[in-house]
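Biologist: Can you walk me through this fold? Keep it simple, please.

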Amino acid sequence: MISGITVIYKEAGFTSHDVVAKMRGICGQKKIGHTGTLDPMATGVLPVCLGSATKLCDMLADRDKEYAAELLLGVETDTQDATGQVLAERPVEVTETQIRRAAAFFVGDYDQIPPMYSALKVNGRKLYELARARKEVERKARPVVIKELEILECAIPVVRFRVVCSKGTYIRTLCADIGEKLGCGGTMRKLERTRVGGFCLESARTLGEMQQLKDENRLQGAVLPVDSVFTDCPVLHVQGDYCRLVDNGNAFLADQTQEQEIYAPGRWIRVYRPDESFVGIYAWEPERERYKPVKMFLEND
């Protein structure tokens, strides 16, 4: 079984679940998951976790994301993007200065109301199911963070921009909210995710390219090791006599490592066996004077 992370360039028309299904066929294994849904119309970076790396899915989903988007002013749709039914069209009588001011308003903490056409659940039902049944329900605003928002081009009524945001941000809702603030409405015309955490477009491959690598027996070369996600964490090596502890997912003492270092409580530490094989992430527990597991990545899990 292959374990690690590969960066897929999701093409338009595919759902994130479609990508996982096709990767299962390419890799010949079931244990595969993705790290954050992209709408079918969207393209771009989709990290896919294989084997023991599926434990990373939630951790990677929390990373900041970067997008390049196109906002079409003067149009409102039921899905907040160009795939939806047009609800209203209005004249666009705004200047580039007004657009830049409206966009800047959303930088920072931002309470965003999720769109009806989304997979979020209300009373056990997905919002898009209710939307398709022409039922609209009240949604609570959720806190998100817009860390950067850069206007790249204003060819009114089309605005191209780059945005860096927190987990859970809907870019099509951001487009609609900018349009609403300008008084003319807006909808998302195009979206490409350019980065998830440290995973960028430059390292992404299409499903077709992954299939070709499989056919050429070079698939492993497109898979990053699990520990590559944690390069900012310090390293400890468990002494050979105590490998049985980590092999069973147990805690260990500082003097049972080659380095015998004690790091700040709660700080994540990469733990390896003496042969440099990665075990998992640990953190110092001062109350019991030991390192306890945070997340294990044992191959037999």
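**A talk through the model**

Modeller: Let's start with T173. Leaving aside neighbours within four places in sequence, T173 is in contact (heavy atoms within 4.5 Å) with Q80, Y110, Q112, I113 and P115. This is a predicted model, where local features need pLDDT of at least 70, side-chain atom pairs count only at pLDDT 80 or more, and totals for chains, interfaces and linings use all residues. Residues are numbered from 1 along each chain as its sequence is written, and side-chain values use heavy atoms, with hydrogens and water left out.

Biologist: Where is the place of T173?

Modeller: In helix 5. Helices (H or I, at least four residues) and strands (E, at least two) are DSSP runs, numbered from the N terminus.

Biologist: And is T173 buried or exposed?

Modeller: T173 is buried, with a relative accessible area of 2%. Buried means under 20% relative accessible area, exposed over 50%, and partly exposed in between (1.4 Å probe, protein chains only).

Biologist: Now the core. Which residues of the largest nonpolar core touch the most other members?

Modeller: L149, F161, V163, I171, L174 and I178, out of 29 residues in that core. A nonpolar core is a set of buried Ala, Val, Leu, Ile, Met, Phe, Trp, Tyr and Cys residues joined through side-chain atoms within 4.5 Å.

Biologist: Which elements give two or more residues to this core?

Modeller: Strand 4 (65-73), helix 3 (96-105), strand 10 (142-155), strand 11 (158-165), helix 5 (171-182) and strand 12 (186-196). The largest share, 5 residues, comes from helix 5. There is also a second, separate core of 20 residues, which includes L56, C57, V229 and F297.

Biologist: Which residues of helix 3 are buried?

Modeller: I99, A102 and A103 are buried. They cover an arc of only 100° around the axis, so they sit on the same side of helix 3. That arc is taken from the directions from the helix axis to the C-beta atoms. R101 and F105, on the other side of helix 3, are exposed.

Biologist: What do the buried residues of helix 3 pack against?

Modeller: Strand 4, strand 10, strand 11 and helix 5.

Biologist: Switching to strands. How many residues of strand 16 are buried?

Modeller: 8 of the 8, so strand 16 (residues 278-285) is largely enclosed by the rest of the structure. Strand 15 (residues 269-272) runs antiparallel to strand 16, joined by 4 bridges. Two strands pair if DSSP finds at least two bridges between them. V271 stands opposite G280 in strand 16.

Biologist: What lies between strand 15 and strand 16?

Modeller: 5 residues, in a hairpin. E276 in the turn has a positive phi of about 75°.

Biologist: How does strand 16 pair with strand 17?

Modeller: In the antiparallel sense, over 6 bridges, with strand 17 covering residues 290-296. The bridge partner of Y282 is P293 in strand 17. Their hairpin has 4 residues between the strands, and E289 takes a positive phi near 50° there.

Biologist: Last one. Where is A222 found, and what does A222 touch?

Modeller: A222 is found in the loop between helix 6 (207-215) and strand 14 (235-237). A222 touches I5, T6, R205, M210 and L213, not counting residues up to four places away in sequence. A222 is buried too, with a relative accessible area of 5%.
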